[in-house]
Amino acid sequence: MAIPRKAGIPLSVMKVLDPRQLKPDSTESERIQTVLDETIVKLEITRLIPRITASLDRYARMLGPEITSSLLELQKLSMEIQQLITSPGDAKTMRAAEKCLKSSLRNILRLFLANPLLYHGLKFEVRVKESPADVLIKAFMEFRDFTLERLLTTPDEEREMIQFMKDISLQVEKNTEIISALQRELEGVIQTRDEEVSKKDKTIENLKTAMEDLAKNCKAEIRLIMKEGEKQKKEDEEASQEKCARLKEDIQRLGTQFNALVLEHRASELFLRKTTYDELQTAYNEEKEQLSVLMEKHAMLLQEYTLIEEERRILKEKEEEAAREEARRNKAATCIQAFWKGYLVRSIYKSVLKKGKGKGKGKK
């Protein structure tokens with residue numbers, strides 16, 4: 001059986017470990033390989049024979065008449081041996097039957113080996129469940145690979161393989177030590193984590209207990225405060241009821257006093273009304289006459305005020321117009337003076353230029 005290649009394995013070692021990469025270098029090795037391969041094929045054919053004989057009609061056309069008749073003969077011999085086993089008889093007869101069975105099986109195997117295509121076709125056509133024969137075939141294939149490996153391995157390759165296996169063993173030991181150290185470290189980390197978790201759990205439990213105690217204390221205090229509040233409320237209600245009763249009594253008493261005072265002063269009020277009405281009427285008429293006189297004076301004064309305001313407005317407009325006219329005259333005078341000054345400056349400048357030109361001509 002071929003050994004799978006692993007990363008880091010040299011190619012020469014892979015050739016040693018995988019016999020399929022080697023070729024026989026002697027006739028004996030080739031013969032041994034041929035014998036082993038044929039034995040494996042015979043084992044596989046032997047594994048298929050019970051399934052084929054159980055459905056011989058199905059595979060008869062594929063097998064042909066010769067192999068079919070041989071399989072029928074093998075089936076008949078198998079039944080005879082089973083009968084002999086169930087009913088023990090002569091040992092000589094048993095040995096003869098076994099010899100015939102072996103001869104028939106060898107003949108069938110020879111026929112299948114003579115027709116490889118038929119064997120390969122049946123191998124893919126016939127479905128066989130796993131059986132102890134598969135274990136035997138697998139073990140024999142491993143034996144074949146091991147034998148070929150031993151036959152095809154040179155002394156140098158064997159030494160290289162041994163050295164490689166030693167290196168692998170050392171590497172495995174180192175890896176084991178590293179893994180052990182890592183496991184110990186991991187156990188320490190896990191233990192530390194568990195301790196921290198346990199501490200946190202204890203802290204949480206303490207906090208929960210404290211919160212429960214606090215909640216109980218708060219509930220007790222709340223109940224006490226509610227009782228005191230209800231008691232104070234009752235006392236306040238009783239005091240307010242007493243105060244309301246006193247106020248009602250005071251209101252009734254003051255109402256009685258008010259009614260007595262009203263009755264007492266009503267007669268004097270009527271007398272005063274009669275005596276003062278005439279005086280008030282006379283005073284009202286006099287004030288009304290005075291008011292009419294004042295209203296007439298007010299109307300005359302208002303008319304005079306309107307005339308005065310109109311005169312002031314007209315006078316103000318005239319002053320503004322005079323001021324605007326004065327400003328226009330000043331602006332015109334300024335322009336005239338500026339123009340005149342410019343004219344004078346230009347005239348003087350021209351005369352100076354003419355005098356300068358006359359002196360220049362006389363010098364020449």
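How many salt bridges does the count come to? In this predicted model, the count comes to nine. One of the pairs to look at is Arg313 with Glu310, whose side chains meet at 2.2 Å, N to O. Both residues sit in helix H8, three residues apart, or about one turn of the helix.

Helix H8 spans residues 155-363 and also carries Glu238. That glutamate belongs to a negative surface patch, which it forms together with Glu235, Asp236, Glu237 and Glu242. Members of such a patch make no salt bridge, because residues with one are left out when patches are drawn up.

On to confidence. Across the chain, pLDDT averages 78, and 85% of the residues score at least 70. Over residues 1-24, pLDDT stays under 50. The model still has 35 contacts beyond four places in sequence for residues 1-24.

Methods:
Residues are numbered from 1 along each chain as its sequence is written. This is a predicted model: local features need pLDDT of at least 70, side-chain atom pairs count only at pLDDT 80 or more; totals for chains, interfaces and linings use all residues. Side-chain values use heavy atoms; hydrogens and water are left out. Patches are made of residues with over 30% relative accessible area and no salt bridge: like charges are joined within 9 Å, nonpolar side chains (Val, Leu, Ile, Met, Phe, Trp, Tyr) within 5 Å. Accessible areas come from the Shrake-Rupley method with a 1.4 Å probe; for residues, only the protein chains shown count as cover. A salt bridge is a side-chain nitrogen of Lys or Arg within 4 Å of a carboxyl oxygen of Asp or Glu. Lys and Arg count as positive and Asp and Glu as negative; His and the chain ends are not counted. The place of a charge is taken as NZ of Lys, CZ of Arg, CG of Asp or CD of Glu. Helices (H or I, at least four residues) and strands (E, at least two) are DSSP runs, numbered from the N terminus. pLDDT is the predictor's confidence in each residue, from 0 to 100. Contact means heavy atoms within 4.5 Å.
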